[in-house]
Amino acid sequence: MLQQNFKLIVVLRLLKIPKSAYFDWVHHIETNRQREDTILKGLLRDIWQNNYQAYGAPRLRLALADLNLYHGINQIRRLMRKAGIYSVMSRWFNKTTTTVDYSQRPNLIRHLKEANT
């Protein structure tokens, strides 16, 4: 669109974009890995949405294995990060508690610090 009114080199100079960067972008050819990652991201998103957005990388890896697609866990994590996919489930955390039948001894060190300040 800008080429109709201005020369390309003038526009690139004003935008401070090197000519080589522009021509690299124009003649860019997507690699096999980029194509595979794009397809895999879509597939991961479909599996994730069909399973209540509860699947993380390990379960997504197993779901792909059911489809005879075997990929490493790190590749799946990388693609999940790029696609913004995350599990809404989280691991349960139980805070450990100790119960004793006798009264606890006072924390003398804390009382000394409070008295000195």
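Where is K16 found? K16 sits in the loop between α1 (8–14) and α2 (19–26), with helices taken as DSSP runs (H or I, at least four residues) and numbered from the N terminus. Keep in mind that this is a predicted model, where local features need pLDDT of at least 70, side-chain atom pairs count only at pLDDT 80 or more, and totals for chains, interfaces and linings use all residues. Residues are numbered from 1 along each chain as its sequence is written, and side-chain values use heavy atoms, leaving out hydrogens and water.

**Helix α3 on its own**

- α3 has 19 residues and spans 27 Å from its first C-alpha to its last, close to the 27 Å expected at 1.5 Å a residue (the expected span is 1.5 Å times one less than the number of residues).
- Its buried residues are D37, L40, L44, I47 and W48; buried means under 20% relative accessible area, exposed over 50%, and partly exposed in between, using a 1.4 Å probe and protein chains only.
- Looking down the axis of α3, those buried residues fall within an arc of 95°, so they line one face of the helix (the arc is that of the directions from the helix axis to the C-beta atoms).
- Over on the other side of α3, I39 and N50 are exposed.
- What covers the buried residues of α3 includes α4 (57–66) and α5.

**How α3 meets α5**

- Two packed helices are described by the angle between their axes and the distance between the axes.
- For α3 (residues 32–50) and α5 (residues 73–83), the axes come within 10 Å and cross at roughly 75°; axes are lines fitted to C-alpha atoms, for helices over the stretch in contact, and angles run from 0 to 180 degrees between N-to-C directions.
- α3 and α5 are therefore roughly perpendicular to each other (65 to 115 degrees counts as roughly perpendicular, under 35 as roughly parallel, over 145 as roughly antiparallel and the rest as oblique).
- The α3 side of this contact is made by R33, E36, D37, L40, K41, L44 and R45, and the α5 side by Q75, I76, R78, L79, K82 and A83; contact means heavy atoms within 4.5 Å.
- By class, that contact of α3 with α5 has 5 nonpolar, 1 polar and 7 charged residues (Ala, Val, Leu, Ile, Met, Phe, Trp, Tyr, Cys and Pro count as nonpolar, Asp, Glu, Lys and Arg as charged, and the others, Gly among them, as polar).

**How α3 meets α4**

- α3 and α4 pack at an angle of about 105°, with their axes 10 Å apart.
- These two helices, α3 and α4, are therefore roughly perpendicular to each other.
- L40, L43, L44, I47 and W48 of α3 make the contact with L60, A63 and L64 of α4.
- The class count for α3 with α4 is 8 nonpolar, no polar and no charged residues.

**A closer look at Q75**

- Q75 is found in helix α5 and is buried, with a relative accessible area of 18%.
- Leaving aside residues up to four places away in sequence, Q75 touches E36, D37 and L40.
- Q75 and A57 are 18 residues apart in sequence and 9.3 Å apart in space, C-alpha to C-alpha.

**Loops and positive phi values**

- Most residues other than glycine have a negative phi, and most peptide bonds are trans.
- K16 has a positive phi of about 55° although it is not a glycine, and at 76% relative accessibility K16 counts as exposed.
- N68, in the loop between α4 and α5, has a positive phi near 60° and is not a glycine either.
- N68 is exposed too, with a relative accessible area of 56%.
- L15 is also in the loop between α1 and α2, and L15 is exposed at a relative accessible area of 54%.
- T99 lies in the loop between α5 and α6 (108–116) and is exposed, with a relative accessible area of 75%.
- T99 and Q34 are 65 residues apart in sequence and 56 Å apart in space, C-alpha to C-alpha.
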